[in-house]
Amino acid sequence: MEKIKVNLGENSHYIYIGRRIEEIGEIIRNGEFGEKFVILSDFNVYSIYGEKIKKSIGNVREIIIQPGERQKNFKTVLRIINKLAEFKINREDTVINLGGGIINDIGGFVSSIYKRGINYISIPTTLLAQVDASIGGKTGINLPFGKNLVGTFYQPTFILIDFQTLLTLPYRETKQGIAEIIKYGVIKNEKIFEKLERIKKDEINENLEFLIKESIKIKVDIVEKDEKERKGIREILNFGHTLGHGIEISDIKNFSHGDSVCLGMIGESYIGYKKGLCSREVYLRIKELGKKFRLLNSFEKINFERIIDFMKHDKKIKKEKVRFVLPERIGKVKIGVEIEDKEILKILKEIKNEKT
Ligand code: ADP
Ligand code: ZN
């Protein structure tokens, strides 16, 4: 068990790493989280873990929603808020987010606006949510115009990471988190990257403790320095996501977030190599790693003109040029590299002719 403090002034909180969800009752009885608790979860997660938490806490209500990105809308938010009101939840009471990134985003958002903000606890149950979505206090929902266009920065009271919950996660979800862990390796920590290179795909579960802890430390460090994404420090987390986001929104049904980020990291490392920032080996290593973990690594079906159009509509992009985070080596990246569309297109077209 390890406890990491996220230092954010009055929004500081702890991440309990390696605790069991059955311990939640004991943890909350030792703190001041109000009298009432409401679990927010989706049907899949709740059917596996709901009873365990209920047994541990005792008197607790629940709000269960359908799984899926489509739930991140105002209608679902309103439904949840009405339930909270019906349950007479007050400012001092607490919502418990039990689920993946989607529950985290909606639950955090609801908690930030209901009665001008109530407490919430995060229990992320996907690898992606444990290493990424649950840390940093970003909450949000989607609009027909795009993902996460409405949201808040709102920190939880604490986060509980139970590695055991990942044992019921299907591999197609696990690999979504692996893409983010590869990203952490490239931007800050060569050891994470090398560990992933050394192990076989099927050995991932035995190594998750180390990988999750190291990933969380990186994310916490960045969030502490730039909580609200205003100083440009948090931008480092966009590695693989500039191109990746364009790919994802160009065809959301066929490209999962992890696959898009993996393609984004391969493409951006290729741009880094062509711009003379890193060696060709960096690009090849990222590509190989993605391939080993069954993440997408081929650009064959990608229409780069279309992707660049989508990238430019991204809320993160200013002016005519596109800003990238590009690798210098594994473990170190350069932030804010601006490149013109034409040049991006020229480089990315070459990637299609690469043999490996
Ligand atoms: P992400 O963290 O990738 O955004 P989601 O919240 O979309 O994840 O969850 C992905 C899918 O995995 C959903 O269908 C969800 O119900 C399911 N899920 C989440 N956690 C678990 C778990 N620990 N075991 C089994 N299924 C899970
Ligand atoms: Zn991501």
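These legends walk through several close-up views of a predicted protein model.

In this predicted model, local features need pLDDT of at least 70 and side-chain atom pairs count only at pLDDT 80 or more, while totals for chains, interfaces and linings use all residues. Residues are numbered from 1 along each chain as its sequence is written, chains are lettered from A and ligands numbered from 1 in the order in which they are written, and side-chain values use heavy atoms, with hydrogens and water left out.

View 1. The protein chain splits into domain 1 (2-168) and domain 2 (171-351), with bounds that come from an automatic or database domain assignment. Taken over C-alpha atoms, the centres of the two domains are 27 Å apart. Where they meet, 26 residues of domain 1 are in contact with 27 residues of domain 2; contact here means heavy atoms within 4.5 Å.

View 2. Three residues hold out donor atoms to the zinc ion (ligand 2): Glu-180 (OE), His-241 (NE2) and His-257 (NE2), at 2.0 to 2.1 Å. Donors are N, O and S atoms within 2.8 Å of the metal (3.2 Å for Na, K and Ca), and water is not among the atoms, so sites may look incomplete. Along the chain, the donors follow the spacing E-x60-H-x15-H. Distant parts of the chain are linked here: Glu-180 sits in helix α6 (residues 171-187) and His-257 in helix α10 (residues 257-274), 77 residues apart. Helices (H or I, at least four residues) and strands (E, at least two) are DSSP runs, numbered from the N terminus. Glu-180 is buried, at a relative accessible area of 0%, whereas His-257 is partly exposed at 23%.

**View 3. The largest cavity.** Searching the whole structure turns up one cavity of 30 Å³ or more, and the space in the largest cavity is about 30 Å³. On a 1 Å grid over the protein atoms alone, a cavity is a set of points where a 1.4 Å probe fits but cannot get out, a pocket is an open set with protein on both sides within 12 Å along at least five of seven lines, and lining residues have an atom within 4 Å of a point. Grid points are joined across faces, edges and corners, and a volume is the space filled by probe spheres set on the points. The lining includes Val-38, Leu-40, Ile-63 and Ser-111. β3 (37-42), α3 (74-86) and α4 (101-113) each supply at least two of the lining residues, and α4 gives the most, with three. By class, the lining has seven nonpolar, two polar and no charged residues. Ala, Val, Leu, Ile, Met, Phe, Trp, Tyr, Cys and Pro count as nonpolar, Asp, Glu, Lys and Arg as charged, and the others, Gly among them, as polar.

**View 4. The second largest pocket.** This pocket holds about 240 Å³ of space. Among the residues lining the second largest pocket are Ser-250, Asp-251, Phe-255, Lys-301 and Arg-306.

**View 5. Helix α13 and its cover.** Helix α13 (residues 341-351) has Ile-344, Leu-345, Ile-347, Leu-348 and Ile-351 as its buried residues. The elements covering those buried residues of α13 include α9 (241-250), α10, α11 (280-292), α12 (304-312), β10 (322-329) and β11 (332-339).

**View 6. A buried arginine in a loop.** Arg-234 lies in the loop between α8 (204-225) and α9. Is Arg-234 buried or exposed? At 2% relative accessibility, Arg-234 counts as buried. Leaving aside neighbours within four places in sequence, the contacts of Arg-234 include Ile-135, Phe-153, Asp-226, Glu-227 and Glu-229.

View 7. Most residues other than glycine have a negative phi. Asn-148, not a glycine, has a positive phi of about 50°. Asn-148 belongs to strand β8 (residues 146-150) and is partly exposed, with a relative accessible area of 31%. Arg-294 also isn't a glycine, and its positive phi is near 60°. Arg-294 is found in the loop between α11 and α12 and counts as exposed at 52% relative accessibility.

Note on methods: Buried means under 20% relative accessible area, exposed over 50%, partly exposed in between (1.4 Å probe, protein chains only).
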